[in-house]
Amino acid sequence: MRTRFDKQLEQLHVELIKMGSLCEQAITLAAQALDQPERDVVKKVAAMEGEIDEKEREIENICMRLLLQQQPVARDLRIISAALKMISDLERIGDQAADIADLAPYIVSSSISSKVQIHDMAAATIRMVTLSVDAFVKNDLELAESVVISDDIVDDLFNKVKGELLDLIRKNNVDPRAALDILMAAKYFERIGDHAVNVAEWVQYSITGIHKSDEHHLDTEKE
Amino acid sequence: MTKRIFRSIMLVSALVLVIGLGFIMGILYHYFGSQIEKELKSETAYLAISVENMGITALDDLPAESARITLIAEDGSVLFDNKADASKMENHSNRQEVIAAKLKGVGKATRQSDTLSEKTIYYAKQLSNGQILRVSSTQYTVAALIGELVQPMLYVLLMMVVLSALFAARISKKIVSPINSLDLDQPERTEAYDEISPLLTKINKQQRTIRRQLSDARRQQQEFSIITENMSEGLLVIDAQTDLLSYNSSALHLLDATEAQAHASVLSLNRSESFQQTVDAVLSGKHTTSDLQIGENFCQVIANPVLRDKEVTGAVLLLVDITEKIQRENLRREFTANVSHELKTPLTSISGFAEIIQDGFVKPEDINKFAGKIFDEAQRLIALVGDVIKISQLDEGCLPYQKEETDLYTLAKETLERLREPAKRKQVSLFLEGEHAVFNTTRPILEEVLYNLCDNAIKYNHPDGKVTVTVLNGKNTISVSVADTGIGIPSTDQARVFERFYRVDKSHSKEIGGTGLGLSIVKHGAAYLGAQVELESCVGEGSLFRLVWGKEC
């Protein structure tokens with residue numbers, strides 16, 4: 001019975017790795033789409049988003065089955081509930097990658113992307129997603145912590161991009177529509193970074209049993 | 001076993017106890033019955049005498065606890081009874097014992113009481129006056145006796161059972177203890193029952209077999225792990241659920257993973273799309289090969305399914321580091337592209353000049369100038385093709401030269417002599433220092449290498465610069481260095497100047513000339529000659545190239 005449970009847990013682990021990997025690919029492709037005006041990439045990302053949604057349902061089913069049939073306790077329960085939370089964040093990452101890919105053709109045609117630091121932002125976000133999935137795969141607290149910290153970098157970059165766009169619009173040497181598109185893409189990247197942080201926090205929770213939001217509660221209770 | 005022995009002993013002792021008790025009871029009952037009869041007989045005899053002597057009055061003073069005594073008249077009416085009212089008793093003439101006494105003088109009868117719990121034994125004797133004296137005594141029947149004795153007998157039985165249980169426990173323990181204390185690791189040394197010695201021998205034999213097989217298995221395991229740990233290829237064994245069964249350190253190194261958890265999925269080592277596809281494909285039973293990029297390294301994954309009864313039970317993945325191969329491929333591709341480009345430039349010029357001449361746009365007096373330009377470009381082409389041939393020959397390592405005794409100093413002198421003209425044009429002065437150093441080497445290649453070094457030293461020099469060639473014949477090494485006072489090479493480019501067609505300053509390459517293959521030839525030639533190339537350089541101050549041979553003692 002126990003070995004069966006372990007097997008199912010391992011399956012959950014593998015499916016989560018696959019889902020994480022899909023998200024990484026989707027966002028990497030979306031970032032590439034900012035350079036290459038290929039329709040293929042947009043379609044590919046959209047297809048991937050569908051795959052990610054499917055994976056989410058699949059993992060949800062596995063979690064429900066585990067919860068109902070095995071009635072796990074303690075650490076196992078934590079892992080499963082963290083997984084349930086994580087997949088909704090991963091799914092949002094997939095959605096936003098698809099949104100970025102949708103915007104990409106307009107951005108590419110305006111050739112504005114080389115004037116702002118959107119590529120740096122994309123790279124930083126991809127790194128965050130990769131790190132958060134790594135943290136989950138390796139069950140590594142330090143990696144998870146580094147994801148939480150590097151969110152500031154992405155936030156800073158977002159503000160920088162915003163400032164640069166503002167300058168460009170003021171100087172009137174840019175198509176304001178494209179500028180807005182870029183701003184949207186940047187916001188999506190920033191949101192993806194937040195979701196990566198959420199994933200990392202759930203990884204921390206599944207290891208330590210303490211979630212960031214709990215810490216706040218504990219702190220306020222003490223006060 | 002102890003339990004079983006205990007139970008058997010208990011059962012046997014209880015059985016023996018019950019049966020023995022039964023027998024003894026039977027015998028005793030019988031014995032007591034006949035004893036009562038005898039007593040009755042003698043009592044009757046004594047009483048008969050006293051009744052005959054004293055008449056009925058002899059019976060008056062009988063003690064109350066005596067047996068029942070009845071005196072019966074000849075006609076059967078009861079004259080006296082010490083336990084009942086004689087007048088109310090019925091006629092006894094038809095009683096068995098009375099009839100027998102009338103006939104034979106004595107009679108005896110046994111009658112069960114109504115409750116069956118007692119039986120009465122009657123003994124009758126006819127007196128000389130014809131009266132009959134009857135003495136009777138009651139005795140418990142077997143059933144009553146048993147009923148009466150059940151309690152004490154149960155006590156006895158209980159005590160016996162407790163006692164026998166105690167003994168049985170001790171005995172069974174004693175029987176089993178030699179078996180319990182068997183040393184199964186060394187069964188032949190134990191002294192136990194003869195009956196189990198064949199078993200012990202067999203255990204001993206089997207143990208030896210197991211030990212041998214275990215050590216065989218361990219040795220094989222060790223051999224396997226030594227092989228896998230020492231191979232540079234990575235090896236991963238996974239089961240059908242992609243769980244990791246076995247891996248070697250090379251695999252972890254190639255996949256850039258620090259440690260693998262046993263029984264974790266192989267996808268936790270690498271989750272890239274191509275790796276996932278490879279794993280999926282191999283687990284569906286297909287032999288698969290794919291390339292994987294991990295950071296800056298490349299690795300080829302060769303995946304073979306493991307089949308048992310036509311079902312995939314797992315897979316063996318072999319990881320081969322192909323970084324160098326890919327890099328070399330890239331280099332070759334780059335080289336081909338560069339060569340084509342370098343060949344195309346002079347050819348385009350030649351073709352252009354020739355076209356202008358053909359179309360008659362050139363004045364006759366300018367034809368010579370144009371021909372000179374075409375000649376220069378053709379020379380460039382020839383030099384380039386010559387260099388490419390040299391470098392590919394060095395690459396292949398098959399050169400048609402023999403080794404011979406060569407003096408490095410003389411060779412350097414000759415080389416500088418050949419370069420005197422171009423040096424003069426660049427206003428660079430040449431110096432040669434050092435001592436003679438004769439050793440066995442491939443002269444044409446050494447000459448080529450030296451020529452290229454000195455040629456570069458002149459080309460990349462400032463006007464009024466110096467080129468100094470120093471030959472040193474040291475104790476352990478022979479070295480030749482070419483130092484210039486030229487433009488120098490930035491430290492970031494120092495590692496790359498030996499690459500084919502690499503130029504530090506790409507924009508001015510045409511002015512300086514050269515093919516971009518000079519230092520590449522130096523590097524390959526030095527490798528062919530077994531020399532080390534050292535480079536010291538500082539931007540603006542000049543560069544120093546040194547070739548060093550170790551002396552074989």
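**Close-up 1. Where chain A meets chain B.** Nine residues of chain A and ten residues of chain B make up this contact, with two residues counted as touching if their C-beta atoms, placed from the backbone, lie within 7 Å. On the side of chain B that touches chain A, you'll find six polar residues, three charged and one nonpolar. Here Ala, Val, Leu, Ile, Met, Phe, Trp, Tyr, Cys and Pro count as nonpolar, Asp, Glu, Lys and Arg as charged, and the others, Gly among them, as polar. A word on the model: it is predicted, so local features need pLDDT of at least 70 and side-chain atom pairs count only at pLDDT 80 or more, while totals for chains, interfaces and linings use all residues. Residues are numbered from 1 along each chain as its sequence is written, and chains are lettered from A and ligands numbered from 1 in the order in which they are written.

**Close-up 2. Strand S17 of chain B and its partners.** Chain B has 13 helices and 17 strands, taken as DSSP runs (H or I, at least four residues, for helices; E, at least two, for strands) and numbered from the N terminus. Strand S17 (residues 542–550) pairs antiparallel with S15 (residues 477–484) of chain B over seven bridges; pairing takes at least two DSSP bridges. In that pair, Ser481(B) sits opposite Arg546(B). S16 (residues 532–538) of chain B also runs antiparallel to S17(B), joined by seven bridges, and there Gln532(B) faces Val548(B).

**Close-up 3. Around Gly542(B).** This glycine belongs to strand S17 of chain B. Gly542(B) is buried, with 23 other C-beta atoms within 10 Å (20 or more means buried, 12 or fewer exposed, in between partly exposed, with C-beta atoms placed from the backbone). Leaving out residues up to four places away in sequence, Gly542(B) touches Ala483(B), Asp484(B), Thr485(B), Gly486(B) and Gly488(B).

**Close-up 4. Helix H8 against helix H13 in chain B.** H8 (residues 367–396) and H13 (residues 518–529) pack at about 30 degrees, with axes 10 Å apart; axes are lines fitted to C-alpha atoms over the stretch in contact, and angles run from 0 to 180 degrees between N-to-C directions. H8(B) and H13(B) are therefore roughly parallel, given that angles under 35 degrees count as roughly parallel, over 145 as roughly antiparallel, 65 to 115 as roughly perpendicular and the rest as oblique. Contact residues include Ile391(B) and Leu394(B) of H8(B), plus Ile521(B) and Tyr528(B) of H13(B).
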